[in-house]
Amino acid sequence: MFYRESAGNWLLRLWGAALLLVVSTVALAENGDRADARILIDISGSMKQNDPQNLRRPALRMLVGLLPRETRAGVWTFGQYVNMLIPLGQVDGKWKDKARSEADNIASPGQFTNIEEVIKRAIADWEGPASGYQRHLILLTDGMVDISNNPHKNAASRQRILEQLLPRLRAHSAQVHTIALSERADHDLMQTLSRETGGWYEQVNDAEQLKRVFLRIFERVGRPDTLPLTDNSFLVDNSIQEVTLLVFRQESAEPTRVLPPSGESFDASTAPQGVNWHRDVGYDLLTISQPDTGEWHIQAPMDPDNRVIVVTDLKMRASQLPSRFVRGEQLPLTVSFTNQGKQIVRKEFLDVVTLEGRFSDSRGSAEAQPIFDNGEAADKAAGDGEFTLLVGNGLSAGKVELLIRAEGKTFQREQRQTFELVDPIVMRLKPDGDDDALQQLSLRTDVELIDPATLVFQAELVSPTGETRSVELQPGTEAGALEASINSAELVGDWTLSVSVQGQTRDGAELELLLDPLTVQGTSAVAEKPLEPAPEPEPVVEPEPPLSPPAPEPEDSFTQDVTLFGIANLLLALLVVVVTWFMRRRKKASEFQVEEAGSAEKGVDEGESEK
């Protein structure tokens, strides 16, 4: 069961001295979450062009209206001189009313932009490291350090900021959040102040964006508990003492209305007792004390930056991610829950809580990832009340928003964190000026973020068909740089250049990174495929000719010569045989005729003798 403030105080009085040690410990832990915010607003003359409608006024009123009561805050304006617009004090209803009233005095009368003096004045009471408060400096300017018409004096002032004030800010554990409201602002100085102190830097070219930028910075400074807002509806549980609604709207929109669970809607003019409604340029900001439990509805156009901020006994605590870290580095983010300042470790509670994180980067919103307390992967121990999510894997470089959402049986909570992922290695590919076929690859390492001695690179080209070719990297002329030459004349078609990196950051964190691939267009002529031999035509079936002796199959010349020689010899032998036979026959015939003739002669002789 979650008790409201009155019940909590009654219990504390009842327990008395027995709980003094516990209460002191809890109070000390809670103090660490309180913010000390110093807000510095540029009112130099150039703001007439960059903020002609003085939209700094409603943006500041929104920011001070969102600050929680336990915050300590003050507002300074600066041009040539520095003025304390809203004295440093504890944020409460009286302080907020004064801040909203004094915001009307913001204009652009200043001649110079004395950034050095306003920082010195704003942090004058800080001593040593922060104790009990998280210190924040919020600086809005549209220009450069400008204290005189003498450029040497301006350069000297800028140098003092970097060499004297920046070390002091770091020693005070202060985060500096800078907003550059112009392209001509000193962006290098603004970025240095933010990055060196772990703060947030934002450039906006339109004052219309100031309110939403202040919202992002407030979420980093105040780290509020919020409720999920789905289709302009949200669920209030019995641990919530106060709800603050921030509703962005167009000036032409119908007045915002709120529908509580009771079913009787109200607007700014009909708000019941317990509702403080502030209507300003472009938004409504209303605070509802002791809201009814159940489902509430906002009757207004939906906006992704609308918020439902709560003051509650049941808080969701998420560890703070750095405002800027290296792409490829993976950091654990832990989430826990507290009830009246004490961390919840009861198994009955933890077992019914579901947690998820959803990242939005330059490619859009990714699929939600579950956050577990199971002792696996990055989570240290199962069931200890510390849910863990590993942050950084698969995200693209640039600004990233993490939305953490929790849901139990009777409650819902959300928190947002915005951070920047930095590419520690910049890869470029450009043509060689001397040879159009050569492409020069360069890899430049940010040696302030990465230890170049630990880096191991692997680069290769991949063809559309999956063929790979390694790319040999050579040390470049600059420290931490690598270079290679790619001959596109050796490539056919479009190849993908892929580079993977392993190493360590300067903080010793492991780094595993796959750089965004580049396309290398091959300039080699596409090799022509050899022509396939034309298929032989199908033989035409002729009608069968009359039967005739088959023609002798052709033989090779040697066989034919042997055959002819054999036939000739055979014919010659036959001729010899025939001639021999013929001669013999003639001889026998002659002999016969001679013999016959002899016989005849003999007969004649015998006849004559008989006579």
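Let's start with a helix pair. α4 and α5 are roughly antiparallel to each other, where roughly antiparallel stands for an angle over 145 degrees, roughly parallel for under 35, roughly perpendicular for 65 to 115, and oblique for the rest. The angle for α4 and α5 is about 175 degrees, and their axes lie 9 Å apart. Axes here are lines fitted to C-alpha atoms, for helices over the stretch in contact, with angles from 0 to 180 degrees between N-to-C directions. Helix α5 covers residues 93-102. Helices are DSSP runs of H or I with at least four residues, strands are E runs of at least two, and both are numbered from the N terminus.

Before I go on, the ground rules. This is a predicted model, in which local features need pLDDT of at least 70 and side-chain atom pairs count only at pLDDT 80 or more, while totals for chains, interfaces and linings use all residues. Residues are numbered from 1 along each chain as its sequence is written, and side-chain values use heavy atoms, with hydrogens and water left out.

Back to the pair. From α4, Arg 61, Val 64, Gly 65 and Leu 66 meet Trp 95, Lys 96, Ala 99 and Arg 100 of α5; contact means heavy atoms within 4.5 Å. By class, that contact has 4 nonpolar, 1 polar and 3 charged residues. Nonpolar covers Ala, Val, Leu, Ile, Met, Phe, Trp, Tyr, Cys and Pro; charged covers Asp, Glu, Lys and Arg; the others, Gly among them, are polar.

α4 has another partner. Helix α4 (residues 56-66) and helix α9 (residues 210-222) cross at roughly 25 degrees, and their axes come within 9 Å. α4 and α9 are therefore roughly parallel to each other. Who meets whom? On the α4 side are Arg 56, Ala 59, Leu 60, Met 62, Leu 63 and Leu 66; on the α9 side are Leu 210, Lys 211, Phe 214, Leu 215 and Phe 218. That contact has 9 nonpolar residues, no polar ones and 2 charged.

Thr 71 sits in the loop between α4 and β2. Is Thr 71 buried or exposed? Thr 71 is buried, at 2% relative accessibility; buried means under 20% relative accessible area, exposed over 50%, and partly exposed in between, with a 1.4 Å probe and protein chains only. Leaving aside residues up to four places away in sequence, Thr 71 touches Ala 35, Gly 89, Gln 90 and Val 91.

Next, α6. In this helix, residues 115-122, the buried positions are Ile 115, Glu 116, Val 118, Ile 119 and Ala 122. These buried residues pack against strands β1, β2, β3 and β4, and against helices α7 and α8. α6 and α7 pack at about 20 degrees, with axes 10 Å apart. The crossing of α6 and α7 is left-handed. Ile 115, Glu 116, Ile 119 and Lys 120 of α6 meet Ser 157, Arg 160, Ile 161, Leu 165 and Leu 169 of α7. By class, the α6 contact with α7 has 5 nonpolar, 1 polar and 3 charged residues.

Now the backbone. Gln 290 is not a glycine, yet its phi is positive, about 45 degrees. Gln 290 lies in the loop between β12 and β13 and is partly exposed, with a relative accessible area of 46%. Gln 340 also has a positive phi, near 55 degrees. Gln 340 is in the loop between β17 and β18 and is partly exposed at 36%.

Glu 483 is in strand β30, residues 481-487, and is partly exposed at 29%. Val 471 is 12 residues away from Glu 483 in sequence and 9.9 Å away in space, C-alpha to C-alpha. Beyond residues up to four places away in sequence, Glu 483 touches several others, including Leu 441, Arg 444 and Glu 472.

To finish, the whole chain. The protein has 11 helices and 33 strands. Of its 611 residues, 41% count as buried. Among contacts between residues at least 6 apart in sequence, 70% join residues at least 24 apart.

Key:
A crossing is left-handed if the near helix is turned anticlockwise from the far one by less than a right angle, and right-handed if clockwise.
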